[in-house]
Amino acid sequence: MIMFFSATGNSRFVARSLAKLLDDEAVDLMRRMHDGDTSPLSSAKPFVLCMPVYVDGMPLPIYRHLKETPLQGSRMAYAVVTMGSYAGIAGRQARELFTSKQMEFVGCAEIAMPRNYLVGLAPEEKLESIEAKLKAAPEGIARVADAIAHQAQYEERHVSNLEYRLVLPFVYAWDGLAFPTKKFVANDACISCGKCERTCPVSAIRMVGGMPTWTKRHCMHCMACIQNCPTRAIDYGNALQRKRRYRFEKYRHLVE
Ligand SMILES: Cc1cc2nc3c(=O)[nH]c(=O)nc-3n(C[C@H](O)[C@H](O)[C@H](O)COP(=O)(O)O)c2cc1C
């Protein structure tokens, strides 16, 4: 079973490609998180977790969600992370998660994909870089599928104990403190479609009087609301007015 979390489509693309290549099913964890659904998942084939990297690690809400979700059937697990450039300790965290569930964690593969984080100082990713990553992705995914099909190890980047100890505090600090919602705003372009409310994995958005309202102090900053808004009505203060929105679907032609 391929389990995926994807705010802007990168990890969904990887998950669905793997499902096709491995003749397996892809299960949307973002929806299950939104619905608070931690009912058991069952698979005769290895579990494969596809997810983005957030702040050099595994997004902790995904970690917590899977910790509570019983995984039945196969005792083998793989992870495949998508990230702009650096996957940090996400693989080590996935290993810890699956090991705590008495499962054999085989490894974590990394697929570089376009960066979707718009907030902050990082400059917009250049179109050439987006194109290069997407054109290279299918080959990487095919290699990953081949390893999983043979229940083999991946060729994997080693994460040392030092790297793990240095990075882990950041992963926790950002999760607890640095993903505030107070600057999210919706402007007059909003058409009250409610897509943002329906997709927010941590249910931080409620439609009030036809407008999205952020009702929790923190969220994942996954960018699903901003990037998927059909009218670009959501901003972060006014920091994103001129920034290009990213959704994998806009660039799908590059991987076909
Ligand atoms: C909150 C947040 C933090 C991120 N941190 C990193 C990071 O530390 N390293 C990195 O290479 N990419 C980082 N990214 C980029 C995403 O990992 C990357 O764009 C990913 O492919 C998005 O996957 P999705 O489209 O499935 O949501 C971050 C994105 C977000 C939203």
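This is a predicted model: local features need pLDDT of at least 70, side-chain atom pairs count only at pLDDT 80 or more; totals for chains, interfaces and linings use all residues.
Student: Which residues in α4 do Leu-60, Tyr-63, Leu-66 and Lys-67 of α3 meet?

Tutor: On the α3 side the contact is made by Leu-60, Tyr-63, Leu-66 and Lys-67. Sorted by kind, the residues of the contact of α3 with α4 divide into two charged, two polar and four nonpolar. The partners in α4 are Gln-93, Glu-96, Leu-97 and Ser-100.

Student: Are α3 and α4 roughly parallel or roughly antiparallel?

Tutor: Let's look at the axes of α3 (residues 60-68) and α4 (residues 90-100), which come within 10 Å. They cross at roughly 10°. Angles under 35 degrees count as roughly parallel. So the answer for α3 and α4 is roughly parallel.

Student: Which strands stand at the edges of the open sheet of five strands?

Tutor: Start with the strand order, β2-β1-β4-β6-β7, in which the pairing is parallel. From one strand to the next, the twist averages 20°. An edge strand here has a single partner, so one of its sides is left without a neighbour in the sheet. The edge strands are β2 and β7.

Student: What is the bridge partner of Phe-47 in β6?

Tutor: Good one to trace in the structure! β4 and β6 run parallel and are joined by six bridges. Phe-47 has its bridge partner in β6, and that partner is Ala-77.

Student: At about what angle does α4 run to β7?

Tutor: Find α4 first: this helix lies across β1, β4, β6 and β7. Its angle to β7 is about 155°.

Student: What covers the buried residues of α1?

Tutor: Helix α1 covers residues 10-22 and reaches 18 Å from its first C-alpha to its last. Among its buried residues are Phe-13, Val-14, Leu-18 and Leu-22. The cover over the buried residues of α1 includes β1, β2, β4, β6 and α5.

Student: Which residues of β10 point to one face and are buried?

Tutor: Side chains alternate along β10 (residues 211-214).

Student: Which residue takes a positive phi in the hairpin of β9 and β10?

Tutor: β9 (residues 205-208) pairs with β10 in the antiparallel sense over four bridges. Met-207, for instance, has Pro-212 as its bridge partner in β10. Two residues lie between the strands of this hairpin, and the one with a positive phi, near 60°, is Gly-209.

How values were computed
Residues are numbered from 1 along each chain as its sequence is written. Side-chain values use heavy atoms; hydrogens and water are left out. The expected span of a helix is 1.5 Å times one less than its number of residues. Buried means under 20% relative accessible area, exposed over 50%, partly exposed in between (1.4 Å probe, protein chains only). Contact means heavy atoms within 4.5 Å. Axes are lines fitted to C-alpha atoms, for helices over the stretch in contact, and angles run from 0 to 180 degrees between N-to-C directions. Angles under 35 degrees count as roughly parallel, over 145 as roughly antiparallel, 65 to 115 as roughly perpendicular and the rest as oblique. Ala, Val, Leu, Ile, Met, Phe, Trp, Tyr, Cys and Pro count as nonpolar, Asp, Glu, Lys and Arg as charged, and the others, Gly among them, as polar. Two strands pair if DSSP finds at least two bridges between them.
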